[in-house]
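Hi,

Here is the structure I promised to pass on, followed by my notes on it. Have a look and tell me how my reading compares with yours.

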Amino acid sequence: MSNITVKNILFIGAGSNDFGLEAEHDAAIYQVMPELKGHGINVFLIDENPYALSLESLAAEAIWQPLTVENIKHVIKNNHIDTVLPLFGGTRAVRLWATTVQQWEHGDGPVPRTLGLSIDMLLRVNNLPNLTRYMADAGLPVLTSHVVKAQDDANELLRELQIPLMIRSLHPKTTNTRQMVERLDEFEEAIDYAKKQSMTQEIIISKAINGLKEVSMEILRDFRGNKMKIGASEDMDPIGIHTADSLSVAPTLTIQDQVLEKMRTYAFQVADLLGLQGIMHVQFAFDDSTGAIYIIKVSPYVDQMASRMALVTGYPVMLVAINLAMGIALEDIVLPHDFGEKTAMMEPMMDHVAVKLPIFPFGELEESDVSVNRQLNSIQKSVGSTIGFGRTFIEALEKAIRSAHFNNATFSPTNMAHISDDALIQQLIHPEDNRVLLLIEAIKRGYEIDELAELTNIDEFYFYQLGHLLQLELKVENDADSIESLRLGKQFGLSDGLIALFWNTNFTNIRSLSKEHQIEATYKALEPSAGEFPENARQYYSTFEEENESVQVSDNTVMVIGSGAFRLGDAASGGYATTIVLSELRRLQYHTIIMNNNANDATLMQNLADKQYLEPLEISDVMKVVELENPVAIIVPGNRRKLITALRELDQNVLILPKEKHMPSGPVDDRTEFALNIFSDGQQIYPVNMTQHVAGELRIISQIIELPKQLAQTHLENPGVYQVIWYENGHDWVDHVEISDISYDTWLRPMPFGQVAFISKVMQVQWVRITVRALLGRLTEQDQKLLENVNKLTLQTDVSLVAADVNYDLHLQPIEPIDGTRFELGVNIQYYDQK
Amino acid sequence: MTNKEVLDTASLQRALTRITYEIIERNKGGRNLVLVGIKTRGEYLAHRIADRLEQLEGVQIPVMAIDITNFRDDQPDHHENLGLNEAEKLNISEQNIVLIDDVLFTGRTIRAALDALIHIGRPKTISLAVLVDRGHRELPIRADFVGKNIPTAQNEKIKVFVQEIDGKDSVEILH
Amino acid sequence: MIRHLILEDGTTFEGLGFGAPATTFGEIIFHTAMTGYQEIITDPIYDGQMIVFSMPVVGAAGIHAEAYESVKPMIRGMIVHDLAEVSVNRQRRMNLDRFLKQHNIPGLYQVDTRKLIRHLRETGPQKATIVDYADDHAVDQLVATVLTNKQVQNTATSKPYANPGRGRHIVVIDFGLKHGILRMLGDYDANVSVLPYTTSVDEVLTLDPDGVILSTGPGDPRSLPESVLTLIRVLQTKTPLLGIGLGHELFALANDATLVPLPSEHHGMNHPIQEIISKQIFYAMQGQGYAVDETLLDRKKLFVTYRDLVDGAVQGLRHRDYPAFSVQFFPDAAPGPYEATAVFADFFETVEDYVEHHS
């Protein structure tokens, strides 16, 4: 077993959601805490995020407090913490723990041990220039910046580094002094300008890597120094577009073995250099024309790449990572029995393609009349992502696109027909969120592939692939009702819905036509040996091939439809709700099936459900699975109205998890939103409590409430937590609201999942679980008693839900301020003084 | 002062591995083999080699450590304290001894170690394994097993780091 | 064009043809490597075989001058799920489809390769053919076909040649040598003489080598003449010796080891291989149908140095009395992880040490 003795361990959570921070850390922590508890370790967790699932885990003592140095010190002291594990909380937790250690004082007692990285390395990882120098000293190919003052020195660097160069001012007078020098005759001018803009007349010169290929690699290392590669992915988009905003493909398709092996060697060297015990993500830039490789970022902790690699390879990344951090050697790791005995030690191999597509918030913002800069650059703009799985790049891409957009109209090949040639060229050079469509349009208009590759710095392979896709769509479109076209279209991932659109019919017709001609989806297991060994796979994706591997789980399954990518407004709360639903279903001894396509969502944690279908969530996708699994019920979030109607028309037993179609806005400026919160078990309505919401903050009012007379007679057929909403002027906090008469200007809506998560934690009442029990007619006597008395639990809480401090200006450069009242991206908690 | 790494972790470990294989080659299965490490780092290296032999052959080879700081010919009363107890002294008679040290330089340390060994018993054979041979011998002594030959100048310092006490495995030249 | 793959057990698969429209016969195996298809199909160890790739999309990385393991593809057929038809090398002259066409080798794509691999993992390798029509005639043809066991003769050099360098003199005995080994020897600036496997002891010793390498190669080592084993028995006493792949199997046979066919062959680069002496785990390219039976090993002569942690298969041996050792996996990283290249460092250090002590 482990060579480390641990009694009390503290996990530091990742905090509120943000750009690039979805539920991946929460899911990772949730997954690994039971492992440690199973070994008799007392597990503690500190996090502030009300959407955090792990705060509700039974495997740990959860401390729900803002993530500050002070709070962490308190927790350590009060609980005799001897070991801290920040790596699962990602970059924020690492930074916080490093700061805590730096601010450690004599009276704080001994510093707890850090797992995964030594304190020394932790501090280094947290100090980018220091880390870069450290790697450069070890002979690793990092990009270094040079500070120069004299023109002669600049000229020397020009010869050494070669164009293109990035030039900027040291101690600049203005904010943005970055200049790209791509031609020799621009060099001197750029130097002059940067010098003038510098308060010390000094400039920083570095090699520019815009336009190079970006490759990500996830590796692991144990205390003995054994290292293993988990996987790699390549971005279709070149460097210059943030990797989160890029279309990413795993496994890498266009990178030669020799190049990838070199990157592997560098990544292993970094892991050795850091003395890592755990997992690490290394990002590389690759210059196809010279063969040069640069290390551009190292992240020796859990991040989105780690959770994505777990999903796309089927390798138990998080379980292995916790074992490594605990000082267990790779060969000694014992995995749960449904994994192959040797799975932990074998490098995962993929026999499928996974395409990650970023989700941008532009649509939602447009609906609320906020215009933003849609041009993609090195600052992340996407708020979520989906993954499509297939046996070809096109199939995976099509499925990713269909996962991103719930209806196919937004991805019709005619969508781009209106754009002018000039605008097309402009957007090829300065891409926006719709670039995949744009690339297809460019091919359609007859641009040569090498020309396009040069303009966009995208590998020619992708243009050939998109060209095939275009041909395919044209063929299907022009060949209505042809079985041959139908077969081809489905093989490459076109949905029944899209084919129906082409052929001016509806999806049920396409479905019966396919059935008639035995063009049926087959499900392939997603497992890490690529077919070499039998594994008890739980993950499946659809394709159109000869052999189907998925068999019905049992005749007592409940299928849950996930909420797909994170979007503005919903953020991680949808994933929170769905995950609790799955957990409760298992507790009620149903077999569970989840359909979803978001790697950063907790619903797709390994082992949470009995089976996962990694699929788009259109009606045709759902029905294919339903026909195979024949579930006793399908749980669907209430905002998927079309899906619900379609499933019901096909006689499916749909249970609705109440949710508004669009995320409602909250109060602005000088207004207050009051909510009378109620629960319906399907027959009766129970009063719960009152909440008050002023822009950016929501509190629970400590007041015993009774049902107003207007509600006493109301019948809400669908069980769930609801609220009666009304607005008043002013924004002072109140401790009592008169609610005997709410007959004017009020309306009823399902409580947003985010608020459900918040009040569940504050009240310590599991509202999502109770909803599930009510939906299935499984409320217990205890539930009944709770519901009858829940309004009398006056809550003396001083915690409020607040919008997280998200830097929209940096990421989106909006022209109008972005409405924070929907708690757009993430939430936090705050303590307030009670009157 | 800058240090130049001449043997990194992986190379150091490979050197120990190769020495182990060569010891097997020349001792026909390790019968009557005793490893004697010269304190401080030679002792750790001796244990590493013993661990390797155990991994391969499943047998435990006795390891003994000697401290020859008081045994060098440039020290007065150099026949005094070897840091060995009586039981350990008995072990070496009729045994094939492999004497292990980190760096071979002038040969005076080795000579002292040979003196000490012969002083406490009658080994059948004594051979010498060193991680680094840096040259500049002052005595007719030659290592049977060498991890790495590193030619050095007289005025250079060479330092072997071992994980057990230095926190890393490497060999560096200190300037 | 629709073409067919027929297996000896009667199973057939349909796909679209690429490469040459030829009809070929070979032994079919599956490979799980996700990169390095060019190296794999040009590696002489796959002479006479058909390879199914589990990697679903093959061809997108092109065909490159630096990725040849011999000057032409050695396989009899290539079966993939999706062929990235258009991807060309930097000079835009070659892609996978054209490469196979040029050498008259057929490929098949849009095959349910996962189904095929799951089938082969149960049956083991078997005879197979790629044909235009999967009719009785084709099946009869397949059944009647006897595959050659002369792969080493087909691929190894029949004449000695040199690959000069300024370092140590290394003699390579060629059983179907791949370029990766020469590339590695080049990294050490070795002065290389490549000799046919029919070479006599005297011919080798006259060249006064500092070390000898027994190369990789295709097929069953037991089909080679006894003279090869005699040669090895002498050479191992005279000079440091390294056997790789088939060379490892021959080194084992020369020292009375027994070879057994592996229940599931290793063709990939993801198995953990452990160096027993240090417990270090690493990964390397493997292409192996036979393994040394560890239980029948003469422990007075050989001991095991590396093991595959998945099925325990022997991955390396060492002679107890001589500086002679061997590895089953491919340490030349062509394709495959670089970690394994340490084997060459071991070999050259052994050579240096030997020269030092025997000069």
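A residue is called buried here if 20 or more other C-beta atoms lie within 10 Å of its own, and exposed if 12 or fewer do. Please keep in mind that this is a predicted model.

Let me start with chain C. Buried residues account for 58% of its 359 residues. For that number of residues, a compact globule would have a radius of gyration near 21 Å, and chain C agrees with that at 20 Å. The C-alpha trace of chain C spans about 65 × 45 × 35 Å along its principal axes. As for secondary structure, chain C has 10 helices and 21 strands. Looking at contacts in chain C with a separation of 6 or more, 74% are between residues 24 or more positions apart.

Next, the annotated positions in chain C. An unreviewed UniProt entry gives a "binding site" that covers C:G217, C:G219, C:L246, C:G289 and C:Y290. These residues are spread over 74 residues of sequence, yet they cluster in space, with a largest C-alpha distance of 12.5 Å.

You will find C:G219 in the loop between β13 (211-214) and α8 (226-238) of chain C. C:G219 counts as buried because it has 27 C-beta neighbours inside 10 Å. Leaving out residues up to four places away in sequence, C:G219 touches C:N149, C:Q151 and C:V152.

C:Y290 sits in a strand instead, namely β18 (residues 286-292) of chain C. Is C:Y290 buried or exposed? It has 20 C-beta neighbours inside 10 Å, and the cut-off for buried is 20 or more, so C:Y290 counts as buried. With residues up to four places away in sequence again set aside, C:Y290 touches C:D220, C:E249, C:L259, C:V260, C:P261 and C:L262.

UniProt also has an "active site" feature, again from an unreviewed entry, at C:D332. This residue, C:D332, belongs to the loop between β21 (324-327) and α10 of chain C. C:D332 is buried too, because 28 C-beta neighbours lie inside 10 Å. Not counting residues up to four places away in sequence, the contacts of C:D332 are C:K178, C:G180, C:I181, C:R183 and C:M184.

Now for how chain C meets the other chains. Between chain C and chain A, 41 residues of chain C are in contact with 37 residues of chain A. On the chain C side of that contact, α3 (113-123) and β17 (280-283) are the elements that give two or more residues. The most comes from α3(C), with 5 residues. By class, the chain C side that touches chain A divides into 19 nonpolar, 12 polar and 10 charged residues.

With chain B, 16 residues of chain C are in contact with 12 residues of chain B. Which helix of chain C gives the most to the side that touches chain B? That is α10 (residues 342-357) of chain C, with 6 residues. The chain C side that touches chain B divides into 7 nonpolar, 2 polar and 7 charged residues.

Over to chain A, which is divided into domain 1 (8-125), domain 2 (144-207), domain 3 (213-350), domain 4 (523-657) and domain 5 (671-831). I checked one pair: the C-alpha centres of domain 1 and domain 3 of chain A lie 23 Å apart. Here 21 residues of domain 1 of chain A are in contact with 18 residues of domain 3 of chain A. On the domain 1 side, α1 (24-38), α3 (90-102) and α4 (119-125) of chain A each supply at least two residues. Of the elements on that side, α1(A) gives the most, with 8 residues. The domain 1 side has 12 nonpolar, 7 polar and 2 charged residues.

Last, the cores. The largest nonpolar core has 357 residues, and A:L45 and A:V355 touch the most other members. Helix α8 (residues 257-274) of chain A provides the largest share of this core, 9 residues. Apart from it lies another core of 49 residues, including B:I23, B:Y44, B:I68 and B:V98. Leaving aside neighbours within four places in sequence, the contacts of A:L45 include A:F11, A:I29, A:M33, A:L55 and A:I63.

Cheers

Definitions and conventions
Residues numbered from 1 in each chain as written. Chains lettered and ligands numbered in written order. Predicted model: local features only at pLDDT ≥ 70, side-chain atom pairs only at ≥ 80, totals over all residues. Core = buried A, V, L, I, M, F, W, Y, C linked by C-beta atoms within 7 Å. Helix = DSSP H or I, 4+ residues; strand = E, 2+ residues; numbered from the N terminus. Contact = placed C-beta atoms within 7 Å. UniProt positions renumbered as here; feature names shortened; annotations may be inferred. Rg over C-alpha atoms; globule rule 2.2 N^0.38 Å. Nonpolar A, V, L, I, M, F, W, Y, C, P; charged D, E, K, R; others polar. Domains from an automatic or database assignment.
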